[in-house]
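Subject: Handover of a structure

Dear colleague,

Please find below the structure that I am handing over to you. My findings follow it, and I would be grateful if you read them with the structure open.

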Amino acid sequence: MRGKTCSHPGKKLETHLLNTRDIALDLAEFYKLPLDETEQYALLMHDIGKAHPDFQRRLCRSCREAATCSAAYRQKKGMKAYNGHASPSASLVMAKTGNFILAEAVRCHHGSLQNLND
């Protein structure tokens, strides 16, 4: 991976992942809930699919800083836009933790939650 990797236009992916974990740790502490090492790993991987170069190109297209960013990914002619990051992120969580619930939470964390009965 070259240059900076963003989670959102102009925001570093690494910072986003660490902040998400830290918020979850704060919530767990406040509610006196356990958050084990495996769950923390899942939090750190929840958006890792965004590191894909094609997803980075998509972000750069909507970033105000792209014109002056030396690490910006440029769209190449004929390239297909990459939009999905949930499934690759969830697959990594499943592979690394072996925990289906954590993997499914990562896959569905952007509003794709479904009723399990369905």
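This is a predicted model: local features need pLDDT of at least 70, side-chain atom pairs count only at pLDDT 80 or more; totals for chains, interfaces and linings use all residues.

A polar contact, as the term is used here, is a pair of N or O atoms within 3.5 Å, of which, within protein, one must be able to donate a hydrogen and the other to accept it.

Overall architecture

The protein contains five helices and two strands. Read from the N terminus, the order of these elements is β-β-α-α-α-α-α. Of the 118 residues in the protein, 33% are buried. Among contacts between residues at least 6 apart in sequence, 62% link residues that are at least 24 apart.

Helix H2 and its surroundings

Helix H2 spans residues 37-45, and its buried residues are Ala 42, Leu 43 and Met 45. Against which helices do the buried residues of H2 pack? They pack against H1, helix H4 (86-97) and helix H5 (100-107). The packing with H1 and with H4 is described in turn below.

H1 with H2

Two packed helices are described by the angle between their axes and the distance between the axes. For H1 and H2, the angle is about 140 degrees and the axes are 7 Å apart. Angles over 145 degrees count as roughly antiparallel, and the angle of about 140 degrees therefore makes H1 oblique to H2. The crossing of these two helices is right-handed. On the H1 side, the contact is made by Leu 17, Leu 18, Thr 20, Arg 21, Ala 24 and Leu 25, and on the H2 side by Gln 40, Leu 43 and Leu 44. Sorted by class, this contact of H1 with H2 comprises six nonpolar, two polar and one charged residues.

Two residues of H1 deserve a separate note. Leu 18 belongs to helix H1, which covers residues 13-30. Is Leu 18 buried, exposed or partly exposed? Its relative accessible area is 32%; buried means under 20% and exposed over 50%, so Leu 18 is partly exposed. Leu 18 and Gln 40 are separated by 22 residues in sequence, and their C-alpha atoms are 9.8 Å apart in space.

Arg 21 also lies in helix H1. The side chain of Arg 21 makes a polar contact of 2.9 Å with the side chain of Asp 22. Setting aside neighbours within four places in sequence, Arg 21 is in contact with Gln 40, Leu 43 and Leu 44.

H2 with H4

The axes of H2 and H4 come within 9 Å of each other and cross at roughly 155 degrees. That angle makes H2 roughly antiparallel to H4. This crossing, of H2 and H4, is right-handed. Thr 38, Ala 42 and Met 45 of H2 meet Ser 89, Leu 92, Val 93, Lys 96 and Thr 97 of H4. The residues in this contact of H2 with H4 are four nonpolar, three polar and one charged.

Thr 5 is located in the segment before strand E1 (6-8). Thr 5 has a relative accessible area of 15%, and is therefore buried. Not counting residues up to four places away in sequence, Thr 5 touches Lys 11, Lys 12, Leu 13, Lys 50, Ala 51 and Gln 56.

Yours sincerely

Notes
Residues are numbered from 1 along each chain as its sequence is written. Side-chain values use heavy atoms; hydrogens and water are left out. Helices (H or I, at least four residues) and strands (E, at least two) are DSSP runs, numbered from the N terminus. Buried means under 20% relative accessible area, exposed over 50%, partly exposed in between (1.4 Å probe, protein chains only). Contact means heavy atoms within 4.5 Å. Axes are lines fitted to C-alpha atoms, for helices over the stretch in contact, and angles run from 0 to 180 degrees between N-to-C directions. Angles under 35 degrees count as roughly parallel, over 145 as roughly antiparallel, 65 to 115 as roughly perpendicular and the rest as oblique. A crossing is left-handed if the near helix is turned anticlockwise from the far one by less than a right angle, and right-handed if clockwise. Ala, Val, Leu, Ile, Met, Phe, Trp, Tyr, Cys and Pro count as nonpolar, Asp, Glu, Lys and Arg as charged, and the others, Gly among them, as polar.
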